[in-house]
Amino acid sequence: MINIQNLTFGYSGSKRNVFSQFNLQMKPGSVYGLLGKNGTGKTTLLYLLCGLLRPNKGEITIDGDVVSEMKKQMLEKIYLVPEEFMLPSMSMSDYVKMYKPFYKNFSQEIMDSCLREFELEGDLKLSSLSMGTKKKVLMSFALATNTKLLLMDEPSNGLDIPSKRQFRKVIASNMNEERLMVISTHQVHDVEMLIDHVTLIGQEKLLLDSSMQELAEQYTFGTNPEGEVLYSEKTIDGTQCIARRTADEPETPVNLEMLFEYITSLK
């Protein structure tokens, strides 16, 4: 669905590119976790994917449509939930009425279901809501658009613990084989039960592009690994390790925080 070929991008006035000859493919039916240190270009990549920024060189296509050409049939497939945003001073019903015509597959049923899950009732006045509640409203609308590509930048920021649980539930409930979700986050514990593919970026390049299943088959995570130890760190539960998984060793849950530290330490 998404094909990034030889992408080079840098901001005007900067001496360093954010991406150089960057290549990546993303397929529908998966929730991608977009990870990376601060300043490595996670938000920039999301903006490039939806056409808010344009490559200096290279090309990004979605279902064969070049993103930078901003064609209607391509734009109606994409929705971006940014980390920071403002909602207009209007009621939620007026907001939905104004913006849903841009998305031909919009579902009021999904919108209502998400709002119920977030425990939001009535025709809310958007300007009077807290940032956390505004984020719940926008995520509900985003899921209701039924776009094939849904991009989310730090979606769990500003949510309390119960709301994070609700967030995971509404995302999982509205995922399907035709949809592709990309979640850029630093809060890996908030999303590690959701994502099934990890995309880790570093300075100008791709550091890791692998499914969670592939990672579980390749590595073991824990205190007493049988294979070659690749990385370790001390915790209150003892020394935690990443090791190469041996043929007869059972799979262990992937520890994304440790994996992040291990992969970035190699580069």
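Start with the aromatic cluster. Ring pairs tie together Tyr79, Tyr95, Tyr99, Phe102, Tyr103, Phe106 and Phe141. Keep in mind that this is a predicted model. The count of aromatic pairs comes to 12. Let me take two of them.

Tyr95 with Tyr99 comes first. Their ring centres are 4.7 Å apart and the planes meet at 45 degrees, so this pair is tilted. Why tilted? In general, an α-helix has 3.6 residues a turn, so residues three or four places apart point the same way. Buried or exposed? Tyr95 is buried, at a relative accessible area of 8%. Tyr99 is partly exposed, at 30%.

Next, Phe106 and Phe141. This aromatic pair is tilted too, with 5.3 Å from centre to centre and 40 degrees between the planes. Here the pair links distant parts of the chain. Phe106 is in the loop between helix 3 and helix 4, the latter being 108-117. Phe141 belongs to helix 5, residues 131-144. The separation is 35 residues. Phe106 and Phe141 are both buried.

Now the largest pocket. Its space is about 440 Å³. The lining has 18 residues, and the closest to the pocket centre are Leu75, Ile78, Tyr79, Leu80 and Tyr103. Tyr79 and Tyr103 also belong to the ring cluster. What is the lining made of, by class? There are 16 nonpolar residues, 2 charged and no polar ones. Helix 2, 72-75, and strand 6, 78-81, each supply at least two lining residues. Strand 6 gives the largest share, with 3 residues.

Strand 6 takes us to the sheet. The sheet is open, with 6 strands in the order 6-7-8-3-9-10 and mixed pairing. Strand 6 and strand 10, 206-211, stand at the edges with a single partner strand each, so one side of each has no neighbour in the sheet. Neighbouring strands are turned by 15 degrees against each other on average, direction ignored. Look inside the sheet at strand 3, residues 30-35, and strand 9, residues 197-201. They pair in the parallel sense, over 4 bridges. Tyr32 has His197 of strand 9 as its bridge partner.

Last, helix 1, residues 42-49. Helix 1 is mostly covered, with 6 of its 8 residues buried. Those are Lys42, Thr44, Leu45, Leu46, Leu48 and Leu49. Just after helix 1, Gly51 has a positive phi of about 90 degrees.

Terms used. Residues numbered from 1 in each chain as written. Predicted model: local features only at pLDDT ≥ 70, side-chain atom pairs only at ≥ 80, totals over all residues. Heavy atoms only, no water. Buried < 20%, exposed > 50% of the residue type's maximum accessible area, 1.4 Å probe, protein only. 1 Å grid on protein atoms, 1.4 Å probe; cavity = no way out; pocket = protein on both sides within 12 Å on 5 of 7 lines; lining within 4 Å. Points joined across faces, edges and corners; volume = space filled by probe spheres on them. Nonpolar A, V, L, I, M, F, W, Y, C, P; charged D, E, K, R; others polar. Pairing = 2+ DSSP bridges. Axes fitted to C-alpha atoms, helices over the stretch in contact; angles between N-to-C directions. Phe/Tyr/Trp six-rings, centres within 6.5 Å; stacked < 30°, edge-to-face > 60°.
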